[in-house]
Amino acid sequence: MVDVQLPPFRSLDDFLFSSARFSVPDVRNLERWNNRIINNLLYYQRNYFASALVFLLIVGYFQPFQLFLGVAVMISVFLGFVWGAENKATVRRFRRNHPSLCLIAILGSSYFLLSMLGGVAIFLFGITFPILMILVHASVRLRSLKNKVENKLESIGLKRTPMGLLLEALGQEQEAGS
């Protein structure tokens, strides 16, 4: 964790407004779509974390205990999954071959546990909705040539970032910049 570095914030103009370009991804080419998502998650990660934090603070203001419960359950399920992937070969193989299903399984397990504890609404609006918005933005955001060059230069330094560690835990060990 010592060598983990936070990337810079990207400007709102680049992230959402006039210089941002958006396009529906080609769902027939899943590898290219996945590459776009991973590159955007890595490039805009500080913006995504800030956006998710805003959602969490708003929901936490109105329902702090339910949000804390939801986050605790989600983190517990995620850490259980990571532990299983590190210690069980079948889980590790499944994570490598089906990363999207692993994310769905983590969210589904969290939803099931929270439905038993009574925190489903907070889970949906406070945790799942920000994740959905981040994935939608990462799916439709096209990158400019300038952003691609910056991302290549950043990845040459082999920086480890929080999003990179999260993607690695979910089985997405790809290098950014393609």
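Predicted model: local features only at pLDDT ≥ 70, side-chain atom pairs only at ≥ 80, totals over all residues.
**View 1. Where helices α5 and α6 cross.**
Two packed helices are described by the angle between their axes and the distance between the axes. Here we look at α5, residues 89–97, and α6, residues 99–117. Their axes come within 5 Å and cross at roughly 110°, which means α5 sits roughly perpendicular to α6. On the α5 side, the contact is made by F94, R95, R96 and N97.

An unreviewed UniProt entry lists "transmembrane region" for residues 41–61, 67–85, 97–114 and 120–140. Take residues 67–85: the span is 100% helix and 0% strand, and its end C-alpha atoms lie 27 Å apart. Residues 120–140 are likewise 100% helix, with 0% strand, and 28 Å separates the end C-alpha atoms.

**View 2. Into the largest pocket.**
The largest pocket holds about 1400 Å³ of space. Its lining takes in 38 residues. If you want to find the middle, look for L103, I131, L135, L166 and L170, the lining residues that lie nearest the centre. By class, the lining of this pocket has 29 nonpolar residues, eight polar and one charged.

**View 3. Which helices line the largest pocket.**
Helices that each supply at least two residues of the lining are α2 (30–43), α3 (45–62), α4 (64–87), α6, α7 (120–140) and α9 (162–169). The one that gives the most is α7, with nine residues.

Conventions. Residues numbered from 1 in each chain as written. Heavy atoms only, no water. Axes fitted to C-alpha atoms, helices over the stretch in contact; angles between N-to-C directions. Helix = DSSP H or I, 4+ residues; strand = E, 2+ residues; numbered from the N terminus. Parallel < 35°, antiparallel > 145°, perpendicular 65-115°, else oblique. Contact = heavy atoms within 4.5 Å. UniProt positions renumbered as here; feature names shortened; annotations may be inferred. 1 Å grid on protein atoms, 1.4 Å probe; cavity = no way out; pocket = protein on both sides within 12 Å on 5 of 7 lines; lining within 4 Å. Points joined across faces, edges and corners; volume = space filled by probe spheres on them. Nonpolar A, V, L, I, M, F, W, Y, C, P; charged D, E, K, R; others polar.
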